[in-house]
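This report covers the fold of one protein chain.

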Amino acid sequence: MTYVFAFDHKHRKPPMSYKDLLGGKGANLAEMTSVLGLPVPPGFTISTDACRDYMYGGWPAGLDDEIAKQRAKLEKAMGKRIGDPADPLLVSVRSGAKFSMPGMMDTVLNLGLNDESVEGLAKNTDERFAYDSYRRFIAMYARIVQGVDGEPFEHLLETAKEWDGVTADSEVTAETLRRLCLRYKEVVARSTGQPFPQDPTAQLRGAVEAVFKSWGGARAVAYRNREKISHDLGTAVNVQAMVFGNRDENSGTGVGFTRNPSTGEDKPYGDFLVNAQGEDVVAGIRNTEPLDTMGKKFPKIHKELLAIFDRLEKHYSDMCDTEFTIEQGKLWMLQTRVGKRTGVAALRMAVEMTEQKGWKISKDEAIQRVTADHLDSVLHPQFSAGAAFHVLTTGLAASPGAAVGKVYFTADDAVDAVERGEAVILVRNETSPEDVHGMAVAEGILTAKGGLVSHAAVVARGWGKPAVCGAEQVKITGKQFHVGGTIVKEGEVISLDGSTGQVVVGAVDLTVGTTPPEFDLILGWADAIRKGGKGVRGLKVRANADNGPDATRAREFGAEGIGLCRTEHMFLGEDRLPIVRAMILADTPAEEAAALEQLRVAQKADYIEILEAMDGLPVTVRLLDPPLHEFLPNVEDLAIKQATQGLDADETELLAAARSWHEVNPMLGTRGVRLGVVKPGLYEMQVRALMEAAAERKKAKGNPIVEIMIPLTISRDELGLARGWVESAIAEAKVKGVDVTIGTMIEVPRAALLADEVAEHADFFSFGTNDLTQMALGFSRDDIEGRIMAPYVEQGLLKANPFDTLDQAGVGQLVSMAAERGRATKPDLKLGVCGEHGGDPESIYFFYGAGLDYVSCSPFRVPIARLAAAQAVLGAGKASDTR
């Protein structure tokens, strides 16, 4: 096995197709070098194979020899040697996984400097540049490779600037930088007990190993969990000849996008700094200048860069993100990748690129470039148009959407606050990869420093989180910040709008975001695809809705019916709960019948609203599912009140009922169809109310389509009994001309295993994957989410939270088995899913492959489900060559 590949290695296919092996960065560096011929500093890539072998068995045999061989080749190409005392070659060592993980893993720059080679660098450049590079290298290597705390280095640098009477890093004198290097090495010696390493070979191995280890670092793991990236992929490592944007005033560095990643505008966009290194731009340490200003400082190079942008975009047929450096008047491209973008930008680019002159993408490709997160971010809240507020300060509009939350100043404090149930705004001078766990849980992010391509901005845009960056008036001191005379302390509420850059003290009313015209256009294209045709099976999208307004909203979002109407939610209103309790407390059949009659009247009105909103579309009504104790007061609360204050007669009766209906494990207790056995009049009442509502809709010239779903079935006989109740109630209602089907919810493993028998009494199956997941995995969702789930995902025991994304290996097999066995009995059996997985794209791809007819999700997830359903059809079509 070969572990190491030069950028100009002749692969059998275009290098950009080898991201599994070379990682995204390595594959694109090789593409720019060997295919496009762009000015890329030479180097080599240590493959993901080497990282995986390192993770499972330590440093791979033969890797040292391969690195030495490629190092020699690099040194020959550059005419310099790493660590040479006369004229040293310096290299960068950077991570590069298959999927972009901006800032989540480690990088080492200026490797190859030591006490001797720094003198050679000084002779061939200048003393100030050499010792500035050396102090950067010592601090970075010590922190990343040796695990030394970075604060002492920052403190020494601030002290050095005070000593020289300057404010900018670039103004510190050469003599002070020389002394600073000595102080830095003393910090290393005190912290590690060893002198700073001087052997370039040892430095290189240490840096490569540190990058391998950073794949398993907390911030990288947290990012992969958020992005649902496999922990088994590993990262490649790129060793590349250094070029320096901090040589002089004729040098610089920047990050550029071929289009605007925030708005999608077809115009180059980015940040730039003169006399700086790349981390100065990305980390937000210095406030940057817009890319346009580069045209004034470096007009020829700016023109060259824009020409490269054009070539890259046409070559990749997509918006590209680049990093570049100017070293003494020469442009070098350090990286490119398909760029992350906001939802608004993704939609605009997808549509415009189908009409691009000279090259264009297909509508199928456009649909596949838009993600669930993109649509989600477009639907993000915004400041209400009528809200009155005073703007405290304005920063850069780094990531769109508005957020309200309590201020916290560290990632750990933010996580703790969210675990207490608080909404959080994370406020930092600038964020770094160490903050990623706090960023992941925050409602929004505010930074005092940093530009539009800073770490905070890039991560926030990728995650669809509102962010305001570079708010220079924000001054953070301890656990508070101030803007002028206004002080905001930890735990106090602020609001921010990442679309305008506004920051407001206090809570501003938010409204649902307005969608751009491309939103409906893309979803229209998606609908045309997911409906199938010409031998391609389609996939419908329904919504879970329990009342008229939700049903109306779902239809506006494009739902093709209701896949789950949870009738128990109709019982929880202040006017309904007393009636339900009266039914539970009834001492005689007459009292129970009277309570059920009151509930029938109330439920009929609810059903009329829902059927009207979904006129002409199917509405699946699930008969009452939860145990009756959920409609009664908490036993413990009443018992405490009884002991401390006493109870009145009604409360005493409620306590007795609550104790009577109390169950140790209610999820497996008297619920679903079992409840119908205990309280047969309950289901009869619900069916009568539903049929009477359908009759009312028929009188109003409507077209009600009714599907009655019996929950928690475990056998053919049980479903047969319950179906008999339902059919009897339908017959008694004597409603003509209404299309009614009767099915069941498959949410118990036994029902899935016996689906061929259960199907004898079912017109449809709807998979309740929430409960099916709990029962198949033996997880109580309420108990496991906080304590168990995170370590299980982080340690790879589960690929993802199975309540967010379907456990395909386990629960998925039950779904597939039930679908196959059910249709073996009834080939025309309708199949759907109504658990929360119905709105998760990865789960939707699986459901389509399992042969389901529709998915159902919350109204606000309907647009995402429509898109994912189209992507599922496209994926299956391409795999089978049917499109």
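Two strands count as paired if DSSP finds at least two bridges between them. In this predicted model, seven bridges join β5 (residues 91–97) to β7 (residues 235–241), and the two strands run antiparallel. V91 has A241 as its bridge partner in β7.

**Overall dimensions**

The protein holds 35 helices and 33 strands. Its radius of gyration is 32 Å, close to the 29 Å that the globule rule gives for 883 residues, so the protein is as compact as a globular protein of that length. Along the principal axes, the C-alpha atoms fill a box of roughly 100 × 70 × 55 Å.

**The open sheet**

β5 and β7 belong to an open sheet of five strands, ordered β1-β2-β7-β5-β6 with antiparallel pairing. At its edges lie β1 (4–6) and β6 (107–111), each of which pairs on one side only. Neighbouring strands of this sheet are turned by 20 degrees against each other on average, direction ignored. Helix α3 packs on the sheet, where it touches β1, β2 (43–46), β5 and β7. Helix α8 also packs on this sheet, in contact with β2, β5, β6 and β7.

**The barrel**

Eight strands close into a barrel with parallel pairing, in the order β26-β27-β28-β29-β30-β31-β32-β33. From one strand to the next, the twist averages 25 degrees. Two bridges join β32 (residues 830–833) to β33 (residues 854–857), and these strands run parallel. Within that pair, G832 has Y854 as its bridge partner in β33.

| α3 | residues 63–78 | β2 | about 165 degrees |

**A helix pair**

Two packed helices are described by the angle between their axes and the distance between the axes. For α13 (residues 343–352) and α19 (residues 517–530), the axes come within 9 Å and cross at roughly 60 degrees. That angle makes α13 oblique to α19, and the crossing is left-handed. On the α13 side, L347, R348, A350 and V351 take part in the contact; they meet E518, F519, L521, I522 and W525 in α19. By class, this contact has seven nonpolar, two charged and no polar residues.

Note on methods. Residues are numbered from 1 along each chain as its sequence is written. This is a predicted model: local features need pLDDT of at least 70, side-chain atom pairs count only at pLDDT 80 or more; totals for chains, interfaces and linings use all residues. Side-chain values use heavy atoms; hydrogens and water are left out. Helices (H or I, at least four residues) and strands (E, at least two) are DSSP runs, numbered from the N terminus. Axes are lines fitted to C-alpha atoms, for helices over the stretch in contact, and angles run from 0 to 180 degrees between N-to-C directions. Contact means heavy atoms within 4.5 Å. Angles under 35 degrees count as roughly parallel, over 145 as roughly antiparallel, 65 to 115 as roughly perpendicular and the rest as oblique. A crossing is left-handed if the near helix is turned anticlockwise from the far one by less than a right angle, and right-handed if clockwise. Ala, Val, Leu, Ile, Met, Phe, Trp, Tyr, Cys and Pro count as nonpolar, Asp, Glu, Lys and Arg as charged, and the others, Gly among them, as polar. The radius of gyration is taken over C-alpha atoms; the globule rule is 2.2 Å times the number of residues to the power 0.38.
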